[in-house]
Amino acid sequence: MAISIFLPLRKGSERIKNKNTRKFSVFEGGLLELKLKQLKEIRGIEEIILSTNDESCWKIGEGFKKVIPHLHLQQRPDFLGSADTDLEDLIKHAGELANFDDILWTHVTSPLCGAANYENAVKKYAENQKLGYDSLISGRNYRDFLIDRNSGRLVNNPGSLKWPRTQDLADWFEIDNAIFITSGSNFKNGKRTGEKPYLLEHNKVNSIDVDYEEDFFIAEAVYERIYR
């Protein structure tokens, strides 16, 4: 199916300095270089939009344009490039930029989510549209103890036992921020998901999300263990 990939990168990461472009494993261009190499390998993708206000990200993107002819670099407006940017506004912006009916939103901060994961997500999205689903979100099943700080009670305990077995806890789903897919019309309305999302399960490795400094080191170590 014809689909656009939207890859947003903001200048000035607050929790991890130069998160998008600092050296990651063998990649001098960091997480962005790795992600573009992964996206390059996806079969059947018509368009990759790299939206950034970061000069370093722009330079790395320029270096890929010869090998990814369907890569489009878009200068992100200043009002969409700050820490205070309303995510809904950025989602609408993605909808305005995309040239195809459906959009896959992803992040460089999912370095263990590769081409095969993206291809599977697009396939599942297409298949499950026939079953009434209007979007797809990736993540992993979550069955572990969650305690409310105020009450001290387990918030995902469906039974009467104070400490049930983990397999008897409520079946929750933890979004990993790797893949969101829905129609361009939803994006134009500020929505990365529809009313009935299909939940695509990733394993713990594919779900690694680099949000803090320790996440960066964990992701790097896992990547080198598996792929080097």
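This is a predicted model: local features need pLDDT of at least 70, side-chain atom pairs count only at pLDDT 80 or more; totals for chains, interfaces and linings use all residues.
In the account that follows, Ala, Val, Leu, Ile, Met, Phe, Trp, Tyr, Cys and Pro count as nonpolar, Asp, Glu, Lys and Arg count as charged, and the others, Gly among them, count as polar. The largest pocket holds about 740 Å³ of space, while the second largest pocket has a volume of about 160 Å³.

**Largest pocket**

- The lining of the largest pocket is made up of 25 residues, and those lying nearest the centre of the pocket are Arg10, Arg15, Lys19, His107 and Asp211.
- Among the elements that contribute to this lining, β1 (3-9) and α3 (87-97) each provide at least two residues.
- Sorted by class, the lining of the largest pocket comprises nine nonpolar, eight polar and eight charged residues.

**Second largest pocket**

- The residues that line the second largest pocket are Arg140, Glu174, Ile175, Asp176, Lys204, Ser207, Ile208 and Asp209.
- Strand β6 (residues 172-183) gives the largest share of this lining, namely three residues.

**Packing of α1 and α2**

- Helix α1 (residues 30-40) packs with helix α2 (residues 55-64) at an angle of about 30°, and their axes lie 10 Å apart.
- Because angles under 35 degrees count as roughly parallel, α1 is described as roughly parallel to α2.
- The crossing in which α1 passes α2 is right-handed.
- On the α1 side the contact is made by Leu32, Glu33, Leu36 and Lys37, and on the α2 side by Cys57, Ile60, Gly61 and Phe64.
- The contact of α1 with α2 divides by class into five nonpolar, one polar and two charged residues.

Methods:
Residues are numbered from 1 along each chain as its sequence is written. Side-chain values use heavy atoms; hydrogens and water are left out. On a 1 Å grid over the protein atoms alone, a cavity is a set of points where a 1.4 Å probe fits but cannot get out, and a pocket is an open set with protein on both sides within 12 Å along at least five of seven lines; lining residues have an atom within 4 Å of a point. Grid points are joined across faces, edges and corners, and a volume is the space filled by probe spheres set on the points. Helices (H or I, at least four residues) and strands (E, at least two) are DSSP runs, numbered from the N terminus. Axes are lines fitted to C-alpha atoms, for helices over the stretch in contact, and angles run from 0 to 180 degrees between N-to-C directions. Angles under 35 degrees count as roughly parallel, over 145 as roughly antiparallel, 65 to 115 as roughly perpendicular and the rest as oblique. A crossing is left-handed if the near helix is turned anticlockwise from the far one by less than a right angle, and right-handed if clockwise. Contact means heavy atoms within 4.5 Å.
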